[in-house]
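Notebook open. I want to look up some salt bridges and some packing here.

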Amino acid sequence: ARALAYRNSRGSRLNDPRLMSGLGLAGTGQDGLRIIRYRMRSAGGNLFDLVVKESEGDAAGVVLARGDARPVTATGSGPWWSVRLDAAGVVNPDGPVLFVSYSSCDSEAMPFLRGVVAELESGGVERLIIDLRNNGGGNSAPGTWFAGKLAGIDRFKEPGRVHVLVGPGSFSSAMWLAVDLMDKTPALFAGLPIAESPDSYGEVGRFALPASGIVIGHSTKRHRYSAGKNLRLRDGIVVPDEGLLLHPSYDDWLAARDGLFELVIGGAP
């Protein structure tokens, strides 16, 4: 029923041991934690295992490892998680880069966002990367609150400190968050254009057809979200900044590599 939304979020679904266990597609390791194991092939033709494993003592945590090596840990749960990295993009609990995956706009994200703001305000984080590529929207209020809080932290008022990863999957309230970040902060945008204008229709209403019972969704309100904001739009939409437009490739996906992340962490403008 929501094929496009599923395609945009399938990675997070396949990498969730709890969900995959419920579907009967995850196993249990000797330590009792649920695991998923994928057989992958590298660009050089070598086979390796990609293991997704629950974190011990934290049902919300996930550890990713290639062949049970080079673990990547994250804090948070579901569509909201963050991880500290060093300047090269390697996981380091005291690293200067904070990567934030915000893949759903929901009021339940507020505790997570408060934690992110507290971490940013406490010092030690020099760069922030916010990933909105697979966020299909929801409740705009938490994102608007977060953008306002970020705007008040002096360190992140400097250009180049904040990057926002966007694309066609950044929809509805996620697009509004991108607009708020563009308006309130000097954040740079990377990825692909957002396939929706800040001035567009939303607020879905629904009704059922009398004979079939099929439920129809339709927009009920036109929003002019660009009004009074300082935005860098092209043809009315949010687009990546110069040098930060990047199309994902199949080779990257096959190698479990995020080319856009590598571009941004590598010191792109």
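I started with aspartate 131, which forms a salt bridge with arginine 133. Their closest N and O atoms are 2.8 Å apart. I take a salt bridge as a side-chain nitrogen of Lys or Arg within 4 Å of a carboxyl oxygen of Asp or Glu. Both aspartate 131 and arginine 133 are buried. Buried means under 20% relative accessible area, exposed over 50%, and partly exposed in between (1.4 Å probe, protein chains only).

I noted that this is a predicted model, where local features need pLDDT of at least 70, side-chain atom pairs count only at pLDDT 80 or more, and totals for chains, interfaces and linings use all residues. Residues are numbered from 1 along each chain as its sequence is written, and side-chain values use heavy atoms, with hydrogens and water left out.

How many salt bridges does the structure hold? I found eight. In one of them, glutamate 119 pairs with arginine 84, with the closest N and O atoms 2.8 Å apart. Glutamate 119 lies in helix 3 and arginine 84 in strand 6, so this pair ties together parts 35 residues apart in sequence. Helices (H or I, at least four residues) and strands (E, at least two) are DSSP runs, numbered from the N terminus. Arginine 84 has 14% relative accessibility, so I logged arginine 84 as buried. Glutamate 119, at 23%, counts as partly exposed.

Next I looked up strand 6 (residues 80-85). Five of its six residues are buried.

Last, I checked aspartate 154, which forms a salt bridge with lysine 157. The closest N and O atoms are 3.1 Å apart. Aspartate 154 counts as exposed at 56% relative accessibility, and lysine 157 as partly exposed at 47%.
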